[in-house]
Amino acid sequence: MLILNIIVFSIVFFSFLSIIYTTIKNGISPMPTSPKVKKMLLENLPSHSEAPIAELGAGWGTLAFQLAKKYPDATITAFENSFVPYAFMVIRKFVFSQDNLIVSRKDFYKADLSMYHLIVSYLYPGAMTRLEKQFREQLTKETIVVSHTFALPNRKPSKTMIVSDLYRTKIYFYDYLKK
Ligand SMILES: C[S@@+](CC[C@H](N)C(=O)[O-])C[C@H]1O[C@@H](n2cnc3c(N)ncnc32)[C@H](O)[C@@H]1O
């Protein structure tokens, strides 16, 4: 029994340390999107897609798994470089047999985003500045970028929605290369 307690304590302790470490490194914790924001965001996405979709910084999978359910004919890549939430998503994918979801530990700044037609994120201002440059360089075909809470600093959204929550959270929609 003592051994079991030590094992459980060690797992919890090292998971906690790992989350703290990657939160400091990434500049953002794996804080999930709230249910109200999730609902409004998902309701305002295209009703159907077969094209590749990415979530940049998927955390525990709050949006990624819903995207995978909403678009059964598309492949969703959930980028998450923090080990504990990443491992949680891998187990969740296995348990719920979410075959159209790819869980990737890759740093999304090092990924080629040009293949994605829909990109979803909930990050922080510094990441949006960095991503704006990456999008400008890599998005060469029509792509919808959706970010909530934080906007791209220099790009005008095609649509902005305000969630009726405590923070009046904004959801920003951007159309890349739309004629
Ligand atoms: C605020 S959470 C959002 C979680 C999820 N998208 C949601 O809406 O519920 C942001 C996540 O982005 C991850 N992240 C930050 N920078 C990253 C990077 N360069 N590559 C991969 N993941 C990153 C963090 O580890 C964190 O889990």
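Is Ser97 buried, exposed or partly exposed? Ser97 counts as partly exposed, at 49% relative accessibility; the cut-offs are under 20% relative accessible area for buried, over 50% for exposed and in between for partly exposed, with a 1.4 Å probe and protein chains only.

The model is predicted, with local features needing pLDDT of at least 70 and side-chain atom pairs counted only at pLDDT 80 or more, while totals for chains, interfaces and linings use all residues. Residues are numbered from 1 along each chain as its sequence is written, and side-chain values use heavy atoms, with hydrogens and water left out.

**Figure 1. The whole chain.** The chain holds five helices and seven strands, where helices (H or I, at least four residues) and strands (E, at least two) are DSSP runs numbered from the N terminus. Their order from the N terminus is α-α-β-α-β-α-β-β-α-β-β-β. The radius of gyration is 17 Å, close to the 16 Å that the globule rule gives for 179 residues, so the chain is as compact as a globular protein of that length. This radius is taken over C-alpha atoms, and the rule is 2.2 Å times the number of residues to the power 0.38. Along its principal axes the C-alpha trace spans about 65 × 35 × 30 Å. Of the 179 residues, 42% count as buried.

**Figure 2. Helix α4 and its cover.** Helix α4 takes in residues 83-95, 13 residues in number, and reaches 18 Å from its first C-alpha to its last. That is close to the 18 Å expected at 1.5 Å a residue, the expected span being 1.5 Å times one less than the number of residues. Val84, Pro85, Ala87 and Met89 are the buried residues of α4.

**Figure 3. Ser97, after helix α4.** Ser97 follows α4 and sits in the loop between α4 and β3. Its phi is positive, about 45°, although Ser97 is not a glycine.

**Figure 4. Arg168, between two strands.** The loop between β6 (159-162) and β7 (170-176) contains Arg168. Arg168 has a phi near 50°, a positive value in a residue other than glycine.

**Figure 5. Charged side chains.** The chain carries 22 positive and 13 negative side chains; Lys and Arg count as positive and Asp and Glu as negative, with His and the chain ends not counted. The centres of the two sets lie 4 Å apart, each charge being placed at NZ of Lys, CZ of Arg, CG of Asp or CD of Glu.
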